[in-house]
Amino acid sequence: MSEGTDRIEALRQQLRYHGYRYHVLDEPEISDYDYDQLLRDLVALEEANPLLITPDSPTQRVGGPLGDLFAPVRHLRPLFSLDNVEAEAELDGWEARMERIIGRPPGGFSCELKIDGLAVVLTYEQGRFTRAATRGDGTTGEDITTNLRTLKSIPLRLFGDPPRLLEVRGEVYMPYPAFEELNRKQGEAGARLFSNPRNAAAGSVRQKDASVTSGRDLGIWVYQVGLIEGGPPLKHHSEQMAYLSSLGLRVNAASAHVADLEAVKKYIAGVESDRHQHEYQTDGVVIKVDDLAEQQELGYTSHAPRWAVAFKFPPEEQVTMLRDIQINIGRTGAATPFAVLEPVQVGGATVTYATLHNEDELQRKDVRVGDKVIVRRAGDVIPEVVGPVVSVRSGAEQPWSMPAECPFCGHPIVRPPGEKVARCTGGFECPSRVREWLFHFASRGAMDIEGMGYKTIDLFLREGLIKDPADLFLLQPDQLFGFEGWGEISVRNLLNGIDAGRDRPLARLLVALGIRHVGGIAARQLARRFGSLPRLMAATAEEIASVGGLGQVIANSVRAWSIDPDNIALVEKLQVAGVSVADEQGELDSLSDTLAGITIVVTGTLVGMTREEAEAAVVARGGKAAGSVSRKTSALVAGENPGASKVQKAEEAGVLVIDEPRFQRLLTDGQSALE
């Protein structure tokens, strides 16, 4: 495997992980800025190596993965991501590309504040609010209608003469005063604090109890029409926004229509200088070609409109004192250094702690305790220490090195050869590692045990009620009564949530167990191939590596986990506690390998499923889903608005092009549908 291939796969794994943290858990670990840099690096590498592009690459996605808290909702029109630019020269390049396509500069632009919140889609029928959904993957989102009905800034009935059908896109946000008040209450209750207003807004909207959403001061700005049926003829985006405003929808007054790109640049400069004057978080400016006919002429790339772009503000930096360097032990035992800072205002928020990433990065930057350091809130999300201000050093600053022992359990901290991360060797005996592991085990993306947050986990650990995940399923009601705030209802709700977790699919259990390198996709492949946890644990590394091309790294990790005595004991204990460690055999056999040896490429928009769902359906039947057409391609599935280049390449290569109904027959009947 080449160095370029290794780097591409490493970037994909990073982006998938951080995309899951951001979109599903609402708990990002890196900034938007750093995520964008990773994505840019991946795009550049894939453009240089087009044969390495795969359909599951983050560059082929227009949104984030869905959680499973709410029912899925298919949008009336797909949503696309926006390409990002960070300099005026990139804006010039964007305009030049458009001029090459339409033969002239665009006739004007709409400029809008880029609100850092949760993207949502609102639907009105005959003027009545009927549905709200998250953005999701751009085609399918989560139904949050009940929660958004509680927002006073969303009209339940439109004014005037509304269209027969209207779909609009907007951004739900939390104002700074509301964010500060919410965190104050969270702190008093001993609950987890939100890191920024965006996470607070997302967490408030994605609640099972709509009264929680109602009790938080959320707002919305509507910024785009998705679909209008039965409305007046409108020729410009700015006209559409004025029309939405007349209907009673909330359109940001800071938006502006400007004549040319020089005016766009002036708008950006003004907004950036005043960005903290608003009561809500902004991280850039969205620029759109105003003329709708020009938008249609410019069209889309595979993931973004050519007629719109997001200008991202540069990260903000401040200088403060580094008081101390401490470490956190995560669920895998990873020892991660972080900075304890003299509190400082950065990007509109008070920063006391900042990431130092890992020991190598800390040493590379030569950061020392007592340094004056530059702190950046990249993208207004996760603070990081950029580096020391060496010129003001007094000589009293102290270099730092990773401690030899874990501060939580006293076991050695070791760094395996060839790895960047040092790890605690305490295993289940390390309270910090167990705490983080239990939280991950119970999280929505894993076993989804409602009510099992940090506060509850800390209580149970402190009282000695649990030591590992299996202990959760052995809890009895009489153990919980008597704790402050724990009455009959709260105990029953928690135990019901735990009981529901006994029957999660095997793939969810594999994710929950926290096996290194095994994410959602790998877990689903392993679950389908082996069907039960005992069969997986008995498999050889070679058998595991052969599953869907998972490879040797994942195989070795799974095998090492499987032979660890602690893990063997844990699985036995889970079984005793009544946790399902196998999927139904009928479910495993139902699809069989009807598409074994078949390679499918999907292009365009399908009516019955998303592109990812289509590709997953092919893989589930033993076939292969590819991102580009070659002579090895068995068929090209062409949905609405298919990529012209893919269709042309398929025709030139003699590859069969099929429509969606025939694709559905292929999934049902197998390879005979291609004959």
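User: Why is His440 called buried?

Analyst: Its relative accessibility is 15%. Buried means under 20% relative accessible area; exposed means over 50%, and partly exposed lies in between (1.4 Å probe, protein chains only). So His440 counts as buried. This is a predicted model: local features need pLDDT of at least 70, side-chain atom pairs count only at pLDDT 80 or more, and totals for chains, interfaces and linings use all residues. Residues are numbered from 1 along each chain as its sequence is written, and side-chain values use heavy atoms, with hydrogens and water left out.

User: In which helix is His440 found, and which residues does His440 touch?

Analyst: His440 sits in helix H12, residues 431-442. Helices (H or I, at least four residues) and strands (E, at least two) are DSSP runs, numbered from the N terminus. Leaving aside residues up to four places away in sequence, His440 touches Arg331, Ala446, Val511, Ala512 and Gly514. Contact means heavy atoms within 4.5 Å.

User: What makes Asp283 and Lys114 a salt bridge?

Analyst: The N to O distance between their side chains is 3.4 Å. A salt bridge needs a side-chain nitrogen of Lys or Arg within 4 Å of a carboxyl oxygen of Asp or Glu. The pair therefore qualifies. The two partners come from distant parts of the chain: Asp283 is in strand E10 (residues 282-289), Lys114 is in strand E3 (residues 109-115), and they are 169 residues apart. Asp283 is buried, at 3% relative accessibility. The whole structure holds 27 salt bridges.

User: How do you know that Lys573 and Asp468 form a salt bridge?

Analyst: Their closest N and O atoms are 3.1 Å apart. Lys573 is partly exposed at 27% relative accessible area, while Asp468 is buried at 10%. Elsewhere, salt bridges with shared partners join Asp366, Arg368, Asp371 and Arg393 into one network.

User: Why is Arg435 called partly exposed, and why is Glu436 called buried?

Analyst: Arg435 has a relative accessible area of 25%, which falls between the limits for buried and exposed, so it is partly exposed. Glu436 has 18%, so it passes as buried. Their side chains meet in a salt bridge, N to O 3.5 Å.

User: What makes strands E12 and E13 a pair?

Analyst: Two strands pair if DSSP finds at least two bridges between them. Strand E12 (residues 316-329) and strand E13 (residues 335-346) have seven bridges, in the antiparallel sense. Therefore they pair. In E13, Phe338 is the bridge partner of Gln326. The hairpin of E12 and E13 has five residues between the strands, and there Gly333 takes a positive phi near 90°. E13 also runs antiparallel to strand E14 (residues 349-355), joined by six bridges. Ala339 has Ala354 of E14 as its bridge partner.

User: Why do strands E2 and E9 stand at the edges?

Analyst: The open sheet has five strands in the order E2-E11-E10-E3-E9, with mixed pairing. E2 (84-85) and E9 (256-258) each have a single partner strand, so one side of each has no neighbour in the sheet. E9 pairs antiparallel with E3 over three bridges. Helix H8 (residues 237-246) packs on the sheet, touching E3, E9 and E10, and its direction makes about 55° with that of E3. Angles run from 0 to 180 degrees between N-to-C directions; axes are lines fitted to C-alpha atoms, for helices over the stretch in contact. Helix H9 lies across E3, E9, E10 and strand E11 (308-312), at about 25° to E3.

User: How do helices H3 and H9 cross, and which residues make the contact?

Analyst: The axes of H3 (residues 88-102) and H9 (residues 261-273) come within 11 Å and cross at roughly 150°. On the H3 side the contact uses Glu88, Leu91, Asp92, Trp94 and Glu95; on the H9 side, Leu261, Val264, Lys265 and Ile268.
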